[in-house]
Every structure is written in structure tokens, then in C-alpha cells.
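This report describes how parts of a protein model are arranged. Please look at the overall fold before reading about the helix pairs.

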2 protein chains.
Amino acid sequence: MNTHHSENSLRIPTSAHPRIVIIGGGFAGVQLAQKLKGKPFQVVLLDRHNYHTFQPLLYQVATAGLEPDSIAGPLRKLIERSPNFYFRLAEVLAIRAEEHLVETKLGVLHYDYLVIANGSKTNYFGNEEAFGKAFPLKQIPQALDLRSYILQNFEKAVITENADDLQSLMNFIVVGGGPTGVEVSGALGELKKHVLPHDYPELDFRKMNIYLMEGAGRLLNGMSEKSGNKALEYLKRFDVNVKLNTLVKSFDGQQAVLNTGEKILARTVVWAAGVKGNIIQGLPKAAVERDRIVVDVYNKVIDTDNVFAIGDIAVMKSEDYPNGHPMLAPVAMQQGSLLAQNFLHLLRGKPLKAFRYLDKGSMATIGRNKAVVDLPKGLHFGGLFAWFVWMFVHLVSIIGFRSKLVVLSNWIWNYFTYDRGTRLIIRPYIPKGGEKVPTNEPEKVL
Amino acid sequence: MNTHHSENSLRIPTSAHPRIVIIGGGFAGVQLAQKLKGKPFQVVLLDRHNYHTFQPLLYQVATAGLEPDSIAGPLRKLIERSPNFYFRLAEVLAIRAEEHLVETKLGVLHYDYLVIANGSKTNYFGNEEAFGKAFPLKQIPQALDLRSYILQNFEKAVITENADDLQSLMNFIVVGGGPTGVEVSGALGELKKHVLPHDYPELDFRKMNIYLMEGAGRLLNGMSEKSGNKALEYLKRFDVNVKLNTLVKSFDGQQAVLNTGEKILARTVVWAAGVKGNIIQGLPKAAVERDRIVVDVYNKVIDTDNVFAIGDIAVMKSEDYPNGHPMLAPVAMQQGSLLAQNFLHLLRGKPLKAFRYLDKGSMATIGRNKAVVDLPKGLHFGGLFAWFVWMFVHLVSIIGFRSKLVVLSNWIWNYFTYDRGTRLIIRPYIPKGGEKVPTNEPEKVL
């Protein structure tokens, strides 16, 4: 099929099979690539990172519970020993849909089919300026930065004399009451209760405040009201100060200003308030809507012939989901899986199968022994059993047997020892624009 | 004892007990601090990092075999629940021996006894300029940088057309045939043989060359000649090209020039040729000799009353060790342990005990199933049994039960799967002064 030139800057050889280029090694892209293994296609996977990130557990890396290898799998390993598979560590710059080309930082590549699966990024809702010092939590380096910063702040707190400085170092604000926000604040609550007081006996941990700010009137908006209420109740037990109907208007690295006018001293703000699609230039105008790509029931991008979009980036409107499906891993994996089938149907001239999301339920954990689970058909439960279900489902979903083992053994360790093994400041985090250092007089001597 | 001021910038409270300030949380410092737990001293440990590094396994972090949490233990955790113990994350700038003060980046601290245990750093023998682009291997961030760089180079190799570029990306030079150099090159040999060919089926791994350069006429100079020869034989089996009597004169990031005039294209040079003490300003002139601190048989720094030095930084000359003891973990730990006893003797007015190094032997591993062990009294053995001994001794020596478990389970996994789980480029490494990018024409399209 590729009868163009015999050389290109990405060094993908010519092939008798059609070339499928996949942008992004997240849940959707990896699922698709794995299902295409051994099929009559040449598959090229492009990603900025050489690993897949299991995002649902990123917050545990940020709170010193797991190391990156637990939740990251090398992409080459995940799709190993497949003769027609090529991975390239390359950032995509643009698409030239009419020429069937993707432009990458390494050069230009021709495709027969293009699949956009590059997911979502943090959404500051136009307030990038106001929240430049908040921590996003979408990638492993961000989680490691947050881990370092939390620990650096406590190391500073032990030498701080000024009461306001101390309070700002020991206050943590989480913005957004979805699953990530709930999970991060629960994990911070556990650190406060079980881990940090042993490390810092000099500090009074009654002064450590964890705030969770949610703009709506309830938590876990994507789940049942019952689960939202339960999560609120559990978070209170972990000493998290939940403020509903509350927005953070700005944060300057020292204090946050709320919509109520209230000001809270805090060095650390975690931004978990929303995500938006990573839009790549060059798509038809009609295909981009509110930072997502509009697709038909086969995940084909509208106004294109051979471009598909799957996962968080794609919005497929239907009667059941008028605004598209929720941006969740199961949707991405199911779309990747079906698209692999549909590529075979395309090849054989058979009609394509329309996507139908099989909702198996949703869940969130709050911390030790506490989670909430919604099943389809209005069933929901919480507490210890929900927590086991949450752990089981996450373990099963982590790609790669090694990662499953590492996560499981870390969880067992953390549970029984009340320990968090990775509270290491490997690369200290330096806030953008520098930061205020506690101003003790340098020459006072004890 | 501390009847000075009641406030200081490091916020160490006054105490009825003498204050021992320890600089450095390596083997020597941690051992001393642990042995002083519960004793009538106030102990202040200062370190730039908040973790102890188990340096003997750093090379496994650099070669994608272990994550940092396997070999790093949070210092606060290691000496937890000790009422008189204080840790401060602080870099030491200078000592004012006459005033009994240490100057740190956080302020000044008074001591009754000072223990310098800040170890050694990479020694370029005055050639910092010539080797600025080589990788040292003394700290975890350096090991992570090397891991990233190795993987980045292979990601580049798959898209490189130019034969010289390709060769420089696939050549690895290790400088220094001591235990670290032998272990790094053995681990690279294993990557070549068992791991990388699966990840990069597009590359011809016969082109991957691993060079080990040693200035002397044999490997493992600190060990028996028999063990040196065996290591050489084992390295050959792992496809390592050992060059004895060979020095690297310079390295510019693209190629290394040898003393023979030979030039070798290589992007990656690992510098394992030597270490020197981290000398802090302010010591008596006579106490500093060739970047180490001269101590008496009690590890007391000469020309001082209350300053001690233990571990790599200290040089204690004796009949058996005219140039001081070898810079090894067992020496550091034995000195730390004895000094803790001697502090008690000091307190009780009893005579101090002189240090005597109990040499339990030394060892080095080359890779899978291969190690060499020297026991005292001229006994040595190699091969599979030596490899088990090596693993056992290292596991037992790692501080912290969690780290032992993590290392053991990683080793079991790596052994049976021929896998290296952590081949992740979390933070891409950018060589100082930028780097040459392969110059494929950007617009050629396949």
C-alpha cells in the first residue's frame, strides 16, 4: 500500500499492509495496538513518553504510596514481539488530513489510517495565569513533583518560626470533588493521620488542614448522590475539610482566594477540577467542539475518510450520552478494542460495528477501608467491601503482570505497616518564579 | 550542656544532654545515629537529601533493574521514634571549629561534638573539564539520568540513518575497572543480551559495544588477582570489551580519546574511575590530606578536640593500612558503630577504644549467575555460588525491611523473566550544552 518513497525520517519500512498510525499510548491506544497484534496491518504508535501511564493511581505516586514503575509500563514491552509494530518516541505537531500525513518533531509520516488517542490534559477553564502555581495531576513527572513538594514543605515547617508561614506550609487545598480530588484528599488525610506524625514529631499535626473545594453542591458528580454523600462522610473521618459550592478564584503560591472572598494560606494547591482534550492542529473545523473531536458511532472523525479518534479526546453524541461518554478508562479501552475489529471489517469490506458503551459501574476510594461503588441499574455500596472491589478492579486493570505485582505488594505493605515507602525527595521541586524562603535570622545560635 | 541561646534558625531545642551533630546520612552516619538511639545525647543529623542511599546497588537503578525506592530509605524513617533525634534537610557550608559551630544553608548550629560523615564524591583527577559530559554514579538523580539517557539513545538509534551517529548511540564506555565499573559494564552486557533486542527488533545488536577501560594492568585492583582475572573472563562472556592499561584522555559527548590515540565514537561514558572526599571548609590545615580528613585511632580529627570523621571521608593510617582503610561500606559502618560506644565512654570518663577494621572480605558481581568473592586469609571463589553470596550479603546490608523486600522481589522477577521493569524515561536527560540531533531531512515522506 505504501508506494511512496522508500525513506523517511521516522525510518518506518514500507509494508504490503495498510499503515495505521496511532497517536498516544494511553488506555485507548494501547488496547487498539494490542488487539491489532498479528493482524494484517502495519501499526505505528507515537507517544511523547516511552511508557503507558495508569492514571487512576497517579495520586498514589503523588502521596508517596507507589513508585513510578508501579503504574508505568514501557510501551515497547507492552506490545513486544509483534513483527508489524513500530513505536516512535515522537511528539505530534500537526495533521495534514488531505495529504494523509502526520507531522512529528522527528519528521513527517504517511498513514493509511490515523487514530487519534492522545487523551486529555488539565483544564484551567481559561485561568492558566491564576493557577500556574497549582499542581496538575495527569502525568508521572507532575506526581513526582507534588510528592517532593509535600515533603519539602514539611522539612521547611520544622524550621519555621513565623506562624503564617507555618500554616501555609501545612495547609493543602485540593480543587475539584471528582474521583481524583476525592482520592488525593483522602490520601493526604491518611498521611496526616498515620504517616507524617511519626516523621515529624516536632510538628503539631492538628495544624495540618486539608481542604477539598467543589463548585457543585455535592461530591462525585458523575456518580450517584448516595455515593457522593458517603464519600463526604468518609472524608470527614479522614479529617478533610470539604467545602461544597466553593470555587477557588486565584492562587499565587502563598494563598488561595475563594469565591466567597475567604483567603486560605497554602503553599500547595492540587488542581483536579477538570480536563480537556489535547487538540492537534489540522483537523476539519466541524470536527472540533469544545476541545474534543466529534466522531460518529464508529469513532470516525466527522468530515474525514480515514481518521479515527478514541478515548477521552473523542466525543460521540448519542441519545444515552448527549454530551458524549464519560472520560473514563473503560470507555477508552472498549473503543480501542472495537476499532481493532472494525479495521478488520474495513479490510474485508464488511460493514462496521457501531460503538455501544457497556457501563460496568464506577467507583472511587477515599482511603484505608473506604470506597464507594456504583453499579449499573442503581445499585451502590460503600465501606470495606467497596474498598476491596476498588482494589481488585484496579489491580486487574493495570497493564502488565509485573506492575500488578508491584502495586499489590506495595498495598499490602502500606496497609499493614501504616507506612509510605517512597517519601523521598529525589529531585526537589522549585516552584515557577522561585519561592519565599522562611526568613529566620541566619546568625542566631543555640 | 547547651546553655547558649534558646532560639536558632534550625530550631533545635535546648537539651540537658550534649549535642552530637552528624554531617551526612550515609552508612557511617546512619549507623552512628541508630546506635545512639535512646542514649543520653541530643543527636542532630544533617543531610542534603532526605534519604539514605544504598550506593552498592546504584548501578542497578542506572540500568533499569531497580527503582529508587529499592535503594533509598527516608532518613526520618530510619531513625524514627527516638525522642532526642533531629533530622534537618540542610547543606553544610563550613565548620567554625574554634567556636564549635557548623554553618548550614539554613543557619548556624552549635555542637558539643561534631561528626563528619559526608562521604566521597566522583574524582575526575583534575580533569573536570574533559569529563563534564561523562556520567558520575554516586547519587540517585545521576543514576536516573543515566537510565534515561541509555534509553533515549536507543530511541534515537532506531531513527538514525547516519552510520557514525548510529555507532556513537550504541557504544558505551565505562571508565574504571573497580567494582562499580565491573558491575555497570556487566549490567550493560545483560541489557544487550537479554533485554534490549526484544524492545528494539529493528536494531542490529552486534553493533552495540560495551567498553571497560582500566588504567592498571588488571581489574578489581582492591581484590585478589585471581578474582580480577575471573571478572575479566566473566565480562568477556557478557560481551564486554575490556581494555587494560588504557586511559580515557577526554570525552566531548560524541567521542572519547584514549591514551593510545585511539578514538571511540560514543554518546555515553560512565565515570567510575575514582572518588575523593567531600572536604568542608574550616578544618585545621594539618587535618586535610589529599581530599580526606586525617583521624587518629578513635576517628578524632587531628588538631581538634571534639570533631570526629568516619567513613569514606576519614583516613586513619596504620601499619596494616598505611594509606587508610578502603573506602567501603563495612569500614564506615564499623567506625560509626564504634564511635557510638566511644561517645558513651567519653561521657562516663572511660578510656576510648581504638578502631580495628574487621575485614570480612570483598566481592563484586558481573551479572546473572556470576560474581567473585575474596575472603580474608586468601580464600576466593567465583561463579554461581559467589553470585548467591553477593546477593545475600547485599540484601542483608540494605537498611530497612521494606527495601530488602522490594530488592529481592525485583531480583526474582528480573532473573526469571529476563526483564528490566523500569526502562522508563520519566525525565529525559539533556546533556550539558545541548546535543547533536540526528540530522534526517525533515520532509522526506514514506
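A crossing of two helices is called left-handed if the near helix is turned anticlockwise from the far one by less than a right angle, and right-handed if clockwise. With this convention, H1(A) passes H9(A) in a right-handed crossing.

The model is predicted, so that local features need pLDDT of at least 70 and side-chain atom pairs count only at pLDDT 80 or more, while totals for chains, interfaces and linings use all residues. Residues are numbered from 1 along each chain as its sequence is written, chains are lettered from A and ligands numbered from 1 in the order in which they are written, and side-chain values use heavy atoms, with hydrogens and water left out.

**Chain A as a whole**

Chain A contains eleven helices and 25 strands; helices (H or I, at least four residues) and strands (E, at least two) are DSSP runs, numbered from the N terminus. The C-alpha trace of chain A spans about 80 × 55 × 45 Å along its principal axes. For 446 residues, a compact globule would have a radius of gyration near 22 Å, and the 23 Å of chain A agrees with this. That radius is taken over C-alpha atoms, and the globule rule is 2.2 Å times the number of residues to the power 0.38.

**Annotated regions**

An unreviewed UniProt entry places the feature "domain: FAD/NAD(P)-binding" at residues 19–336 of chain A. This span is 28% helix and 26% strand, and its end C-alpha atoms lie 16 Å apart. UniProt, again in an unreviewed entry, lists residues 379–401 of chain A as "transmembrane region". Over residues 379–401 the chain is 65% helix and 17% strand, with the end C-alpha atoms 31 Å apart. UniProt positions are given in the numbering used here, feature names are shortened, and annotations may be inferred rather than shown by experiment.

**Helix pairs**

Two packed helices are described by the angle between their axes and the distance between the axes. Axes are lines fitted to C-alpha atoms, for helices over the stretch in contact, and angles run from 0 to 180 degrees between N-to-C directions.

| Helix pair | Angle | Axis distance |
|---|---|---|
| H1 (residues 27–35) and H9 (residues 329–347), chain A | about 30° | 7 Å |
| H1 (residues 27–35) and H9 (residues 329–347), chain B | about 30° | 7 Å |
| H5 (residues 140–157) and H6 (residues 163–170), chain A | about 155° | 9 Å |

Angles under 35 degrees count as roughly parallel, over 145 as roughly antiparallel, 65 to 115 as roughly perpendicular and the rest as oblique. H1(A) and H9(A) are therefore roughly parallel. Their contact (heavy atoms within 4.5 Å) involves residues including A:Phe27 and A:Leu32 of H1(A) and A:Met333 and A:Phe343 of H9(A). It divides into nine nonpolar, three polar and one charged residues. Here Ala, Val, Leu, Ile, Met, Phe, Trp, Tyr, Cys and Pro count as nonpolar, Asp, Glu, Lys and Arg as charged, and the others, Gly among them, as polar.

In chain B, H1(B) and H9(B) are likewise roughly parallel, and H1(B) passes H9(B) in a right-handed crossing.

H5(A) and H6(A) are roughly antiparallel, and H5(A) passes H6(A) in a left-handed crossing. A:Asn153, A:Phe154, A:Lys156 and A:Ala157 in H5(A) touch A:Leu166, A:Leu169 and A:Met170 in H6(A). By class, this contact has five nonpolar, one polar and one charged residues.
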